[in-house]
Amino acid sequence: MQAVHDLGVVVSAMRGMAAARVEQARSRREALRIFAEAVDFALRTTLAVQDMAQSAAPAAGRRAVVLFCAEQGFAGAFSERVLDQATDLAAGDQVLLVGTRGREAAARRGRAPTWSLTMPARPQNVTKLADQIVEHLSPGLASASLERVEVVFTAFEAGMPLRVHRETLLPLAIPAAHSCSPPPLMQLPPRDLLVEFLAAHLHARICNAALCAFEAEAQARMEIMAAAHRHIDNELATLQGVCQQLRQEDITAEIIELASGQLAGESLLA
C-alpha cells in the first residue's frame with residue numbers, strides 16, 4: 001500500500017508540473033498575439049502600397065507541412081491525432097515534425113519526416129524553434145519552390161476537448177489594407193520590406209502553433225495524471241478496505257483463541 005501511495009505522490013507532482021507549463025504557455029501567447037497583430041498590419045499596409053498581393057504567394061511549387069506532436073510521454077493519443085490529420089501528404093511534400101514521441105509514432109506508421117526537431121522544455125524557447133523552422137523554409141520561399149506552408153497542431157479551449165487544427169500559412173490569407181493617405185514612410189524598398197514582414201508573419205504563426213501545441217500537450221498530461229490519481233485513490237481505498245478486513249479477521253481470530261483458551265482452562269479446573 002505504501003508503494004501505491006508513493007506512486008500517487010509522483011503523479012501529483014507530474015500533474016503540478018504540467019499545470020505550471022500550461023500557465024507559462026498561456027502568458028506568452030498573449031504577448032505573441034500583440035506582436036502578430038502588429039506584423040499583420042505592417043504586412044497588409046505594404047501589400048496595399050505596392051499592390052503586391054499576387055506576388056506575395058508563389059505561383060507553383062511544393063508543399064511544406066509542420067506537424068507539432070508530443071515531446072514527452074503520458075500524453076495519450078496526442079501524436080496519433082496530429083498524424084491522422086496529415087494522411088494526404090504527397091511524396092514530394094516536405095514534412096517537418098516537432099516532438100520526439102511524435103517521431104516515434106510516425107516511425108511506427110512507416111512514415112519518416114523530412115526533418116525533425118525536439119519541442120523545447122520551456123515555452124520561452126519556442127521562438128528559437130520558430131527561427132529554425134523559418135530558416136529551414138527560407139530557401140524554398142526565396143526560390144518560389146514552396147507553394148504552400150501548413151501547420152498542424154493541437155489547441156486547448158476551456159470547457160472543450162482538445163482539437164487538432166490545420167492552418168495554411170502560405171499562400172497568404174491576409175487581405176490587403178485600404179490605401180493609406182498619406183502613404184507610410186518607408187526606409188527600405190517595399191519588396192524588401194514585404195520579404196521581411198512575410199518572414200515575421202510566418203515566425204509569429206509558427207510560434208503560435210508551437211505554443212498551442214506546448215499548452216495542449218501539458219493539458220493532455222494533466223488530464224491523464226488526474227485520471228491516474230483518481231485510479232490510485234480508488235486503489236488505496238480498496239487496499240485500505242482489504243487491510244481493515246484482514247485486521248478485523250486477525251482480531252476475531254485472537255478473540256476466539258483467547259476465549260477457547262479460557263474455556264479450556266475452566267474445564268480443567270472443574
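A residue counts as buried when its relative accessible area is under 20%. In this predicted model, that cut-off describes strand S2, residues 94-98, where five of the five residues are buried, so the strand is largely enclosed by the rest of the structure. The burial applies to both faces of S2: Gln 94, Leu 96 and Val 98 are buried on one side, and Val 95 and Leu 97 are buried on the other.

The neighbours of S2 come next. Strand S1, residues 62-68, runs parallel to S2 and is joined to it by five bridges. Within this pairing, Leu 67 stands opposite Leu 97 of S2. Strand S3, residues 115-117, also runs parallel to S2, with three bridges between them. Here Val 98 stands opposite Leu 117 of S3.

S1, helix H2 (residues 78-84) and S2 make a right-handed β-α-β unit. A right-handed β-α-β unit is also made by S2, helix H3 (residues 100-108) and S3.

Empty space can be examined as well. Rolling a probe the size of a water molecule over the atoms shows where such space is left. With a threshold of 30 Å³ or more, the count comes to one cavity. The largest cavity holds about 70 Å³ of space. Its lining consists of Arg 21, Glu 71, Gln 72, Met 119, Pro 120, Ala 121, Phe 214, Glu 217, Ala 218 and Arg 221. Helix H5, residues 190-269, supplies the largest share of this lining, four residues. By residue class, the lining of the largest cavity divides into five nonpolar, one polar and four charged residues.

Definitions and conventions:
Residues numbered from 1 in each chain as written. Predicted model: local features only at pLDDT ≥ 70, side-chain atom pairs only at ≥ 80, totals over all residues. Heavy atoms only, no water. Buried < 20%, exposed > 50% of the residue type's maximum accessible area, 1.4 Å probe, protein only. Helix = DSSP H or I, 4+ residues; strand = E, 2+ residues; numbered from the N terminus. Pairing = 2+ DSSP bridges. Right-handed = clockwise from strand over helix to strand, strands pointing away. 1 Å grid on protein atoms, 1.4 Å probe; cavity = no way out; pocket = protein on both sides within 12 Å on 5 of 7 lines; lining within 4 Å. Points joined across faces, edges and corners; volume = space filled by probe spheres on them. Nonpolar A, V, L, I, M, F, W, Y, C, P; charged D, E, K, R; others polar.
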